[in-house]
Amino acid sequence: MAAPQAAKKELTPQQQRMSTCNTQATGKKGDERKTFMSSCLKGDTAAPAPAKQTQQQKMTSCNKDASAKTLKGDERKTFMSTCLKG
């Protein structure tokens, strides 16, 4: 009969890294998560460059910012134009 502790195996370094990276990737989705997990599992400690936003993501983000600043009319149009270019 095996000792109870024998059933609880130590995690390999790769399994530990996978667990840690998976925890750190919480909230990330799609390509951003894939990129993060890839670099994390390789052992890259530097934070990966932020993934480039799609036009739709930019539009959503800029629209939120414009609404938060309660911009209207030409002021909003100018802000959105500048925001979407950046």
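Leu-84 is in contact (heavy atoms within 4.5 Å) with Gln-55, Lys-58, Met-59 and Cys-62, leaving aside its neighbours within four places in sequence. This is a predicted model: local features need pLDDT of at least 70, side-chain atom pairs count only at pLDDT 80 or more, and totals for chains, interfaces and linings use all residues. Residues are numbered from 1 along each chain as its sequence is written, and side-chain values use heavy atoms, leaving out hydrogens and water.

**Nonpolar cores**
- A nonpolar core is a set of buried Ala, Val, Leu, Ile, Met, Phe, Trp, Tyr and Cys residues joined through side-chain atoms within 4.5 Å.
- Buried means under 20% relative accessible area, exposed over 50%, partly exposed in between (1.4 Å probe, protein chains only).
- The largest core has 6 residues: Cys-62, Ala-66, Leu-71, Phe-79, Met-80 and Leu-84.
- Helix 4 and helix 5 each supply at least two residues of this core.
- Helix 5 gives the largest share, 3 residues.
- Another core, of 5 residues, lies apart from it, and includes Ala-25, Phe-36, Met-37 and Cys-40.

**Helix 3**
- Helices (H or I, at least four residues) are DSSP runs, numbered from the N terminus.
- Helix 3 (residues 30–42) has 13 residues.
- From first C-alpha to last it reaches 19 Å, close to the 18 Å expected at 1.5 Å a residue, taken times one less than the number of residues.
- Its buried residues are Phe-36, Met-37, Ser-39 and Cys-40.
- They pack against helix 2 (13–24).

**Thr-70**
- Thr-70 lies in the loop between helix 4 (55–68) and helix 5 (73–85).
- Its phi is near 45°, a positive value in a residue other than glycine.
- Thr-70 counts as exposed because its relative accessibility is 61%.
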